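Subject: Structure handover

Hello,

Here is the structure I said I would pass on. My notes on what was found in it follow below.

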Amino acid sequence: MQFVLGLLAIAVMLWLAVTFWYIAVAILAIWITVRVVRHVRMKRYFAGEVFQTHLKELSSVVTEHNEIAAYAAEIRAGGQFGLGTSGTGSQSDLAIFENTSRHGYRRDRNVAHYQAVNVHNCSLQVVRNASADPLKYLIKYFRVEATDEGLTQVEKLGETMSRLGNAVDNLKTREADITGEFNPPKFILKHYSKQFTERVGVQLSPITVPHPEYVFEYVSAGGNSSQRTTVKLDTRTIDRLIEELSGRIRRRRSAAGQRALMTARFREEIKRRDAYTCQYCAVSLDDEPHLLLEVDHIVPVSRGGMSTEENLQTLCWRCNRTKSNKMVGA
Ligand SMILES: [Zn+2]
């Protein structure tokens with residue numbers, strides 16, 4: 001009886017396997033067909049008249065996009081994205097740290113980051129105070145100087161970051177616009193977005209704005225616990241830092257109080273004053289909705305130019321790029 005049952009079970013399993021095999025082949029065949037059909041449709045779309053016409057019409061738009069992508073890379077390569085450094089561990093490169101404990105101690109779970117200039121190793125109290133009063137502690141422990149030079153350096157950092165941020169945002173809206181103009185079928189964007197940007201000729205810029213982070217860290221002696229406070233240097237933090245430094249300088253003497261502060265807010269004011277129009281070539285945001293505008297020191301800071309309203313002007317990115325290239329050459 002058992003033998004018969006066993007045979008029956010094997011027969012059922014065989015029957016299932018055979019049936020399943022057919023289903024598997026059917027699924028595979030459908031899967032391949034779907035992909036082949038999709039591939040053919042993709043080829044036909046890219047070779048088609050609609051796509052080719054758009055490609056010709058938008059070639060100058062694409063070229064400009066790629067030029068701005070190159071410009072963003074220039075800003076990124078030429079910019080400095082950091083401020084002061086922490087004093088802790090400034091000589092740590094001279095020493096070698098090893099965990100030599102035996103018996104499987106896993107005490108290296110929390111190890112202080114002495115080698116990182118953006119990390120300040122400190123007491124638990126300082127970590128907690130820094131979270132309550134980040135600017136004060138940033139200035140103190142990362143040695144950001146409340147002097148005219150220190151202030152200028154922070155303003156320059158804010159300017160580079162906002163220029164890069166604006167360029168990156170500008171690229172994104174241009175990309176969205178170009179895609180919108182082509183208005184490709186959904187399956188193209190879903191399955192062939194890489195091929196799409198390649199065929200259109202848009203060079204996607206991998207650049208993002210680096211926002212340095214400054215960390216206050218406490219690591220207990222045994223390495224069992226650690227706590228940290230992180231201050232991220234974004235536009236908001238930088239603007240507040242500029243105001244804080246200026247306030248300190250003004251309290252000491254009144255010179256820094258005389259000039260405007262190069263905050264993101266102030267740059268926007270200058271652009272508004274100039275009616276979002278380039279003061280060299282007169283192109284405006286009305287003419288070109290995607291125009292990338294920047295605020296320029298007429299006499300550069302490096303040549304003693306001040307951040308006063310009279311010394312600031314709105315330029316389009318092309319004119320600003322040409323001007324700064326001439327300055328470097330001069
Ligand atoms: Zn211009």
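**Salt bridges**

Glu 64 and Arg 174 form a salt bridge through their side chains, at 3.5 Å from N to O. A salt bridge here is a side-chain nitrogen of Lys or Arg within 4 Å of a carboxyl oxygen of Asp or Glu. Glu 64 is in helix α3 (residues 59-78) and Arg 174 is in helix α6 (residues 148-182), so the pair ties together parts 110 residues apart in sequence. Helices (H or I, at least four residues) and strands (E, at least two) are DSSP runs, numbered from the N terminus. Both Glu 64 and Arg 174 are buried. Buried means under 20% relative accessible area, exposed over 50%, and partly exposed in between, with a 1.4 Å probe and protein chains only.

Before the rest, two notes on the source. This is a predicted model, in which local features need pLDDT of at least 70 and side-chain atom pairs count only at pLDDT 80 or more, while totals for chains, interfaces and linings use all residues. Residues are numbered from 1 along each chain as its sequence is written, and side-chain values use heavy atoms, with hydrogens and water left out.

The structure holds eleven salt bridges. Glu 64 and Arg 174 also belong to a network of salt bridges that links them with Glu 67 and Arg 318.

Another salt bridge joins Arg 265 to Glu 243, with the closest N and O atoms 3.4 Å apart. Arg 265 is in helix α10 (residues 264-273) and Glu 243 is in helix α9 (residues 235-252), so this pair ties together parts that are 22 residues apart in sequence. Arg 265 is exposed, at 53% relative accessible area, whereas Glu 243 is partly exposed, at 29%.

The side chains of Asp 296 and Lys 323 meet in a salt bridge of 2.6 Å, N to O. This pair links distant parts of the chain, 27 residues apart: Asp 296 is in strand β4 (residues 293-297) and Lys 323 is in helix α11 (residues 317-329). Asp 296 is buried at 8% relative accessibility, and Lys 323 is buried with a relative accessible area of 10%.

Helix α1 (residues 2-47) packs against helix α2 (residues 49-57) at an angle of about 45 degrees, with the axes 5 Å apart. Axes are lines fitted to C-alpha atoms, for helices over the stretch in contact, and angles run from 0 to 180 degrees between N-to-C directions. The contact (heavy atoms within 4.5 Å) is made by Tyr 45, Phe 46 and Ala 47 of α1 and by Glu 49, Phe 51 and Gln 52 of α2.

His 54 lies in helix α2 and is buried, with a relative accessible area of 18%. Apart from neighbours within four places in sequence, His 54 is in contact with Glu 181 and Phe 182.

**Two loop residues**

Most residues other than glycine have a negative phi. Arg 143, which is not a glycine, has a positive phi of about 50 degrees. Arg 143 lies in the loop between α5 (134-141) and α6 and is exposed, with a relative accessible area of 52%. Ala 275, also not a glycine, has a positive phi of about 55 degrees. Ala 275 is in the loop between α10 and β4 and is partly exposed, at 49% relative accessible area.

Regards
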